[in-house]
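Please read the following report alongside the sequence and the model. It begins with a pocket and then turns to the chain and to some of its parts.

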Amino acid sequence: MRNLITDVPGVLVGNAQDRRVASGVTVAVFERSVAAGVITLGGAPGSRAVTLLEPEMGALVDAIVLSGGSIYGLDAAGGVTAVLRAQGKGAQFGGIAVPVAAQAILFDLRNGGEKDWLAGPEARQPPYWDLGRDAALAASEAFELGSVGAGLGATTATLKGGLGSASAHTRQGFCVGALVAVNAVGAATFGTEGHFWAAPYEQAGEFGGRGWPMRFPPEALALAMKGQSLPATATTIGMVATDAQLTKAECKRLAIMANDGLSKALRPVHAPNDGDTVFAAATGSAGPGGDPPVLAELGTVAADCLARAVARGVYEATALPYKDAVPDWKTRFGGARA
């Protein structure tokens with residue numbers, strides 16, 4: 001177990017980023033087309049091809065794309081699709097491969113990076129098609145966390161955000177994993193010691209082992225949010241995957257349950273300027289998992305994994321090298337940094 005979503009057989013993940021732009025793309029590529037679902041609970045989402053994931057639609061999915069860049073980042077799925085086609089993935093229509101890459105984006109346009117395509121009256125090409133291609137080509141079982149891929153430009157209300165992942169097994173032996181780019185309007189920690197809201201779900205000190213304080217400080221419930229003086233630049237996007245065999249309707253239920261993992265790790269969530277879109281995919285290699293008690297446990301474990309992944313994304317992040325950039329957890333709270 002790598003404690004990554006790629007512990008789920010049939011899932012590969014790749015990152016690509018442009019550090020000058022301070023933005024990037026993360027893609028989960030499936031070894032074969034899979035059933036998937038999606039749920040959006042925030043008030044300001046951006047997405048591509050998500051309607052195809054609804055239970056009444058017939059399409060399967062070949063990749064899920066998480067990208068920075070707000071609306072401009074939706075170009076990333078085009079680059080991913082080009083790679084998938086070259087790899088022979090997707091449904092065949094008249095001898096033409098038509099792969100499906102569903103996508104969600106986050107807003108990182110105000111983080112200090114050089115967004116050249118936003119300047120001047122002329123039309124310029126954003127970098128996300130190329131980043132999507134490069135992320136798909138980099139897909140493998142091992143990948144970095146923190147300030148990479150879609151997490152490079154991500155922030156929270158108080159700390160640098162980032163890319164996180166985690167995995168676990170259910171009592172029936174199914175593997176579940178989560179992947180998330182944490183760009184929340186709210187905070188992942190509270191107090192002066194950097195305690196994570198997700199601390200009760202932590203495994204093996206994966207985000208510092210600090211736990212919760214002996215006495216819960218009442219002031220921890222004071223809201224910390226972006227957007228007090230400027231429009232909030234937010235949205236947390238992620239996915240869960242399992243090796244259980246699920247229908248598209250069951251994947252939708254898994255996504256609904258998993259999205260609640262954000263509420264275990266961030267405060268507030270599902271706000272007007274959040275996107276909070278979570279995908280769920282089932283590779284099906286470990287047998288049927290749709291029996292209601294089994295699916296209930298899959299959803300519970302998926303939510304816990306997503307909460308852990310959020311904390312790991314913040315814990316592993318490194319602050320952007322710009323004036324007034326929010327600090328990262330390890331620098332602010334004294335964790336070891338390599």
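## A pocket and its surroundings

The lining of the second largest pocket comprises 9 nonpolar, 3 polar and 2 charged residues, where Ala, Val, Leu, Ile, Met, Phe, Trp, Tyr, Cys and Pro count as nonpolar, Asp, Glu, Lys and Arg as charged, and the others, Gly among them, as polar. This is a predicted model, in which local features need pLDDT of at least 70 and side-chain atom pairs count only at pLDDT 80 or more, while totals for chains, interfaces and linings use all residues. Residues are numbered from 1 along each chain as its sequence is written, and side-chain values use heavy atoms, with hydrogens and water left out.

A pocket is an open set of points on a 1 Å grid over the protein atoms alone, where a 1.4 Å probe fits and protein lies on both sides within 12 Å along at least five of seven lines; lining residues have an atom within 4 Å of a point. The second largest pocket has a volume of about 170 Å³, a volume being the space filled by probe spheres set on the points, which are joined across faces, edges and corners. Of its 14 lining residues, Thr-158, Ala-187, Thr-189, Phe-190 and Ala-224 lie nearest the centre of the pocket. Strand S10 (189-190) and helix H6 (329-333) each contribute at least two residues to this lining; helices (H or I, at least four residues) and strands (E, at least two) are DSSP runs, numbered from the N terminus.

## The chain as a whole

The chain has 6 helices and 13 strands, and its C-alpha atoms fill a box of roughly 60 × 55 × 35 Å along the principal axes. Of the 338 residues, 58% count as buried, which means under 20% relative accessible area with a 1.4 Å probe and protein chains only. Among contacts between residues at least 6 apart in sequence, 78% join residues at least 24 apart, a contact being heavy atoms within 4.5 Å.

## Helix H1

Helix H1 (residues 76-86) is mostly covered, with 8 of its 11 residues buried, including Val-80, Val-83 and Leu-84. The buried residues of H1 pack against several elements, among them strand S2 (23-40), strand S4 (61-67) and helix H2 (128-137). After H1 comes Gly-88, whose phi is positive, near 80°.

| Residue | Relative accessibility |
|---|---|
| Ile-64 | 0% |
| Glu-206 | 8% |
| His-195 | 9% |

Ile-64 has its place in strand S4 and, not counting residues up to four places away in sequence, touches Thr-26, Val-27, Ala-28, Phe-30, Ala-102, Met-239 and Phe-279. The C-alpha atoms of Ile-64 and Ala-91, which are 27 residues apart along the chain, are separated by 16 Å.

His-195 belongs to strand S11 (residues 195-196), and a polar atom of the His-195 side chain lies 2.8 Å from the backbone oxygen of Gly-211.

Glu-206 lies in the loop between S11 and strand S12 (237-242), where the Glu-206 side chain reaches the backbone nitrogen of Gln-203 at 3.0 Å. Residues touched by Glu-206, not counting those up to four places away in sequence, include Asn-3, Arg-308 and Arg-312.

Conventions:
Buried < 20%, exposed > 50% of the residue type's maximum accessible area, 1.4 Å probe, protein only. Polar contact = N/O pair within 3.5 Å; in protein donor to acceptor, adjacent residues only side chain to side chain.
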